[in-house]
Amino acid sequence: MLASEADYEWARAVLRERKLDAICTVLFSPVQGQQDPAQLAGWILRDRLPVRFQLQLHKVLWGAERGR
């Protein structure tokens with residue numbers, strides 16, 4: 001889960017250095033309330049990362065309190 005642009009940059013570097021996408025499916029997910037999902041999706045598209053974008057659907061459907 002990514003909470004900031006610094007988290008994203010670290011995850012992107014690890015993904016590339018270790019070639020993780022060749023080993024497994026990699027998921028990038030924003031921390032609700034800390035990282036804007038649209039912004040994270042934009043970074044992924046801009047950098048053409050071979051990852052899947054994932055939202056915590058339970059938090060989208062039922063909110064942060066119930067989704068814990």
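Two aromatic rings from Phe, Tyr or Trp count as a pair if their centres lie within 6.5 Å. Keep that in mind as we walk through this model, which is a predicted one. With that rule, Tyr8, Phe28 and Trp43 come together as one aromatic cluster, and the count comes to two aromatic pairs.

Let's take the pairs in turn. Tyr8 and Phe28 sit edge-to-face, with 6.0 Å from centre to centre and 90° between the ring planes. Why do we call Tyr8 buried? Tyr8 has a relative accessible area of 1%, and buried means under 20%. Trp43 passes that same cut-off because its relative accessible area is 9%.

Now widen the view to the core. Which residues make up the largest nonpolar core? There are 11 of them: Leu2, Tyr8, Ala11, Leu15, Val26, Phe28, Leu40, Trp43, Ile44, Leu49 and Val51. You'll spot Tyr8, Phe28 and Trp43 in that list, the trio from the aromatic cluster. The elements giving two or more residues to the core are helix H1, residues 5–18, and helix H2, residues 37–47. Ala11 is another core member to look at. If you leave aside its neighbours within four places in sequence, Ala11 is in contact with Leu2 and Phe28.

How do the two helices meet? Two packed helices are described by the angle between their axes and the distance between the axes. For H1 and H2, the angle is about 35° and the axes are 11 Å apart. The crossing of H1 past H2 is right-handed. On the H1 side, the residues that meet H2 are Glu5, Tyr8, Arg12 and Arg16, and their counterparts in H2 are Leu40, Trp43, Ile44, Arg46 and Asp47. Sorted by type, this contact has four nonpolar residues, no polar ones and five charged ones.

Next, look at the loops. Lys19 is found in the loop between H1 and strand S1, which covers residues 27–28. Its phi is positive, about 50°, although Lys19 is not a glycine. Is Lys19 buried or exposed? Lys19 is exposed, because its relative accessible area is 57% and exposed means over 50%.

Arg48 lies in the loop between H2 and strand S2, residues 52–53. Arg48 also has a positive phi, near 50°, in a residue other than glycine. At 76% relative accessibility, Arg48 counts as exposed.

Pro50 is in the loop between H2 and S2 as well. With a relative accessible area of 44%, Pro50 is partly exposed, because that value falls between the 20% and 50% cut-offs. Setting aside its neighbours within four places in sequence, Pro50 is in contact with Leu15 and Asp21. Leu15 is one of the core residues. As for Ser29, which is 21 residues away from Pro50 along the chain, the C-alpha atoms of these two are separated by 14 Å.

Terms used:
Residues numbered from 1 in each chain as written. Predicted model: local features only at pLDDT ≥ 70, side-chain atom pairs only at ≥ 80, totals over all residues. Heavy atoms only, no water. Core = buried A, V, L, I, M, F, W, Y, C linked by side-chain atoms within 4.5 Å. Buried < 20%, exposed > 50% of the residue type's maximum accessible area, 1.4 Å probe, protein only. Helix = DSSP H or I, 4+ residues; strand = E, 2+ residues; numbered from the N terminus. Contact = heavy atoms within 4.5 Å. Axes fitted to C-alpha atoms, helices over the stretch in contact; angles between N-to-C directions. Left-handed = near helix turned anticlockwise from the far one by under 90°. Nonpolar A, V, L, I, M, F, W, Y, C, P; charged D, E, K, R; others polar. Phe/Tyr/Trp six-rings, centres within 6.5 Å; stacked < 30°, edge-to-face > 60°.
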